[in-house]
Amino acid sequence: MTQMPDAKSPLKIGTRGSPLALAQAYETRDRLMAAHGLPEDAFEVVVIKTTGDDRAMIAADKPLKEIGNKGLFTKEIEEAMVDGRIDIAVHSMKDMPTEQPEGLVLDCYLPREDVRDAFVSLEYDSIMALPEGATVGTSSLRRRAQLAHVRPDLKLVEFRGNVQTRLKKLADGVAAASFLAYAGLRRLGMEDSARGPIAPEEMLPAVAQGAIGIERRMADARAEALLAPIHDLVTEQRLLAERAFLATLDGSCETPIAGLALIEGDRLWLRGQILRPDGSEALAGERWGNIDEGAAMGEHLARDLLSQAGEGFFDWR
Ligand SMILES: NCc1[nH]cc(CCC(=O)O)c1CC(=O)O
C-alpha cells in the first residue's frame, strides 16, 4: 500500500502562476481530495515561474513565435519535477509538445471542458457581424489564419495577456474583437465576458483545447496511485487522435493547425485542418474509426492533408 500524502508529506502540485493555471491546479487538487477523502493540507500548490511567463511580460506585444519555441511554458515545470521540488504538474494540453521527456509520464487527463473558441467583443455578436476592415486582436497563428481565410478584409493585430488585459484593450478601442478559449473563461467563471462560443464548424479549435493533463515522475508510485481515479478515459482517447494528427504534422505553436475528435458510442470522429499562415488556403479532412484507432487515424489524416498540401504550404517568411 502506498503512503498517502498528509500535512507532513503533502503532494506538491506544480503550476504556472497565471490565474487560469492556478484555477486548473486547484481543480486538480479538489478532484484528488474528493477521490481519496483527503484534507486540503495533504496537498501543496507550488508556483513555478517559466521562461514563457518572463519573456511574455517583457515583450507583451511580441508574437509568441518570436519569443520562443516548443515547451516554453513547460520546460521549467518539468525540471522542477525531476528535481523533486514538485510531484505532479498540471498542464493545459494545448501547450504541451507532443514528445514526452524521459522519466516523466503524462497519462492522466481531467474530463475535458468546452473545446470551442469564444468570440469576445464589446460591440459585435460574431465574426460575420464585424464591419468591413475591422481590427481583430489575436496572437494565435491558427486563429489568425482561420480568420484571414473567411474574412480577408479584417486587420489582424497582436493581442496577448490575460482576460482582463484583453478586455481593457477592447474597451480602449485597440481592436473590435478578440478570441479566447471558452474553456479558460469558464474555468475562471468569466464566460460572461464573451459574446459566446464559436461553433467548431466555423472555427475548428486547437488540438487538445480545453483539456488538462497531469504529469508525474515515472517511478513515483504514490503519484500514480493518486492520479488513477481522477483520470478520464474519453478525454485521453480524443487527445490520442488529435495529438497524433499534430505530431505527424510536426505541429507546434508556429504552424496553423486545428483538430478535434469526438466520441459517439464506440466510434471516434476526427476532423483536422491545416492552413497557410496568411489564410489564403485551408485544407480539412475527416475520419471515422474505432475508439482505439485514434492514433492511427490522426496519423493517416495528417499524411493525407500533407500530400494534398505539397511542399512549401507552411512557408511564409
Ligand atoms: N495558448 C495559451 C492557452 N493555453 C490554454 C488556454 C486556454 C485553456 C484551454 O484551452 O484549455 C490558453 C489561452 C487561450 O487560448 O485563450
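**Figure 1. Strand 12 and strand 13 in the predicted model.** Arg271 stands opposite Glu286, a residue of strand 13. The two strands run antiparallel, and 9 bridges join strand 12 to strand 13 (residues 282-290). Together they form a hairpin with 6 residues between them. In this turn, Gly279 has a positive phi of about 80°.

**Figure 2. Strand 12 and its pairing with strand 11.** Strand 11 (residues 257-264) pairs with strand 12 in the antiparallel sense, over 8 bridges. Glu264 faces Arg267 of strand 12 across this pairing, the two standing opposite each other. The hairpin of strand 11 and strand 12 has 2 residues between the strands. Gly265 of this hairpin takes a positive phi near 65°. Strand 12 spans residues 267-275 and is mostly covered. Of its 9 residues, 7 are buried.

**Figure 3. Strand 4 against strand 10.** Strand 10 covers residues 212-217 and pairs with strand 4 in the antiparallel sense. The pairing runs over 5 bridges. Val105 stands opposite Arg216 of strand 10.

**Figure 4. The shell around the ligand.** The residues around the ligand are Ser92, Lys94, Asp95, Leu180, Ala181, Ala183, Gly184, Gln209 and Gly210. Two elements give two or more residues to this shell: strand 8 (177-181) and helix 7 (182-187). By class, the shell has 3 nonpolar, 4 polar and 2 charged residues. The ligand lies between domain 1 (11-110 + 211-231) and domain 2 (117-197), because both domains give residues to the shell.

**Figure 5. Domain 2 facing domain 3.** The domain assignment of the protein chain gives domain 1 (11-110 + 211-231), domain 2 (117-197) and domain 3 (242-309). Taken over C-alpha atoms, the centres of domain 2 and domain 3 are separated by 24 Å. Their contact takes 8 residues from domain 2 and 11 residues from domain 3. On the side of domain 2 that touches domain 3, the residues divide into 5 nonpolar, 2 polar and 1 charged.

Terms used:
Residues numbered from 1 in each chain as written. Predicted model: local features only at pLDDT ≥ 70, side-chain atom pairs only at ≥ 80, totals over all residues. Near = placed C-beta within 6 Å. Helix = DSSP H or I, 4+ residues; strand = E, 2+ residues; numbered from the N terminus. Nonpolar A, V, L, I, M, F, W, Y, C, P; charged D, E, K, R; others polar. Domains from an automatic or database assignment. Buried ≥ 20, exposed ≤ 12 C-beta atoms within 10 Å, placed from the backbone. Pairing = 2+ DSSP bridges. Contact = placed C-beta atoms within 7 Å.
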